[in-house]
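We will go from the whole chain down to single residues.

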Amino acid sequence: MRAKRLRSSLIDRIVFDDERETLAVWFRNSRRHVYEGVPRAVYDAFGKASSAGQFFNECVKGRFPGHPDPAVKRYRPPA
């Protein structure tokens with residue numbers, strides 16, 4: 001696995017799993033999403049992009065099947 005923190009107001013970090021070809025994207029104000037069938041070159045370019053949010057919108061979102069990571073539970077304080 002490869003991981004990289006990004007300097008972005010939208011995205012905190014990205015993690016790439018070489019074996020599964022999955023890209024996990026941690027968004028700052030929401031949960032983690034996992035994208036399937038992502039080539040390593042996309043992860044490499046994502047980490048070098050001058051704007052992570054723009055790169056995500058142009059090169060990942062809508063191009064690869066993605067879903068919220070079910071392993072990550074959202075914390076909700078008791079009512």
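In what order do the elements of the chain run from the N terminus on? They go β-β-β-β-α-α-β. That gives 2 helices and 5 strands. Helices (H or I, at least four residues) and strands (E, at least two) are DSSP runs, numbered from the N terminus.

A word on the model before you select anything. This is a predicted model, where local features need pLDDT of at least 70, side-chain atom pairs count only at pLDDT 80 or more, and totals for chains, interfaces and linings use all residues. Residues are numbered from 1 along each chain as its sequence is written, and side-chain values use heavy atoms, with hydrogens and water left out.

**Whole chain.** Show the surface. The chain exposes about 5500 Å² (Shrake-Rupley method, 1.4 Å probe). Carbon and sulfur atoms supply 48% of that area. Of the 79 residues, 38% are buried, meaning under 20% relative accessible area with a 1.4 Å probe, protein chains only.

**Residues 32-36.** Select this stretch, strand β4. Is it mostly covered or mostly open? Mostly covered: 4 of its 5 residues are buried.

**Residues 22-27.** Two strands pair if DSSP finds at least two bridges between them. The two form a hairpin, with 4 residues between them. Now pick Trp26: opposite it stands Arg32 in β4.

**Residues 66-68.** Which residue of β5 stands opposite Val34? Click His67 to see it.

How values were computed:
Buried means under 20% relative accessible area, exposed over 50%, partly exposed in between (1.4 Å probe, protein chains only).
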